[in-house]
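User: I would like to learn how to read a structure feature by feature. Please take the features in turn and show each case in the model.

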Amino acid sequence: MSTQVLTFEDLRKLCAPNGPSPRLSTVERWAHSQGIRYKYDGQGGIWTTIDALNAALGLHAAREDEQYLIDLI
């Protein structure tokens, strides 16, 4: 299984889509306040995954093996 990675530049764009490129501390503070789990990339930035972003949003991927009971429909 391969998860898509969001780089520091991706996170900068999500943090401030219409403004100047924010500093690391601003992106870290934003990610923390949104509940996005992240790791340091060793190059002066942070990174995360689409799965971590979705988890922070309260979303989860539909599982193929998930079955629905007729009572729930």
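**Reading a helix, a charge and a core**

Analyst: A place to begin is Glu28, which is found in helix 2. Keep in mind that this is a predicted model.

User: Which residues of helix 2 are buried?

Analyst: In helix 2, residues 24-34, the buried ones are Val27, Glu28, Trp30 and Ala31. Viewed down the helix axis, the buried residues of helix 2 fall within an arc of 165°, so they line one face. Arg29, His32 and Ser33, on the other side of helix 2, are exposed.

User: What covers the buried residues of helix 2?

Analyst: The cover includes helix 1 (8-15), strand 2 (39-40) and strand 3 (46-49). After helix 2 comes Gly35, with a positive phi near 80°.

User: How far from Glu28 is the nearest side chain of opposite charge?

Analyst: A salt bridge requires a side-chain nitrogen of Lys or Arg within 4 Å of a carboxyl oxygen of Asp or Glu. For Glu28 the nearest side chain of opposite charge is Arg29, 7.2 Å away. Glu28 is therefore buried without a salt bridge, given that cut-off. Setting aside neighbours within four places in sequence, Glu28 is in contact with Tyr38, Tyr40 and Ile46.

User: Which residues make up the largest nonpolar core?

Analyst: The largest nonpolar core has ten residues: Leu6, Phe8, Leu11, Cys15, Val27, Trp30, Ala31, Ile36, Ile46 and Leu53. Helix 1 and helix 2 each supply at least two residues of this core.

User: Is Gln4 buried or exposed?

Analyst: Gln4 lies in the segment before strand 1 (5-6). With a relative accessible area of 53%, Gln4 is exposed. Sequence separation and spatial distance can be read side by side here: Gln4 and Ile50 are 46 residues apart in sequence and 5.7 Å apart in space, C-alpha to C-alpha. Beyond neighbours within four places in sequence, Gln4 is in contact with Thr48, Thr49 and Ile50.

User: What pattern does the protein chain follow along the sequence?

Analyst: The protein chain has three helices and three strands, in the pattern β-α-α-β-β-α. Of the contacts with a separation of 6 or more, 34% are between residues 24 or more positions apart.

User: How many residues are in the protein chain, and what percentage of them is buried?

Analyst: The protein chain has 73 residues, of which 22% are buried. The chain exposes about 6000 Å², with 53% of that supplied by carbon and sulfur atoms.

Technical notes: Residues are numbered from 1 along each chain as its sequence is written. This is a predicted model: local features need pLDDT of at least 70, side-chain atom pairs count only at pLDDT 80 or more; totals for chains, interfaces and linings use all residues. Side-chain values use heavy atoms; hydrogens and water are left out. Buried means under 20% relative accessible area, exposed over 50%, partly exposed in between (1.4 Å probe, protein chains only). Helices (H or I, at least four residues) and strands (E, at least two) are DSSP runs, numbered from the N terminus. The arc is that of the directions from the helix axis to the C-beta atoms. Contact means heavy atoms within 4.5 Å. Lys and Arg count as positive and Asp and Glu as negative; His and the chain ends are not counted. A nonpolar core is a set of buried Ala, Val, Leu, Ile, Met, Phe, Trp, Tyr and Cys residues joined through side-chain atoms within 4.5 Å. Accessible areas come from the Shrake-Rupley method with a 1.4 Å probe; for residues, only the protein chains shown count as cover.
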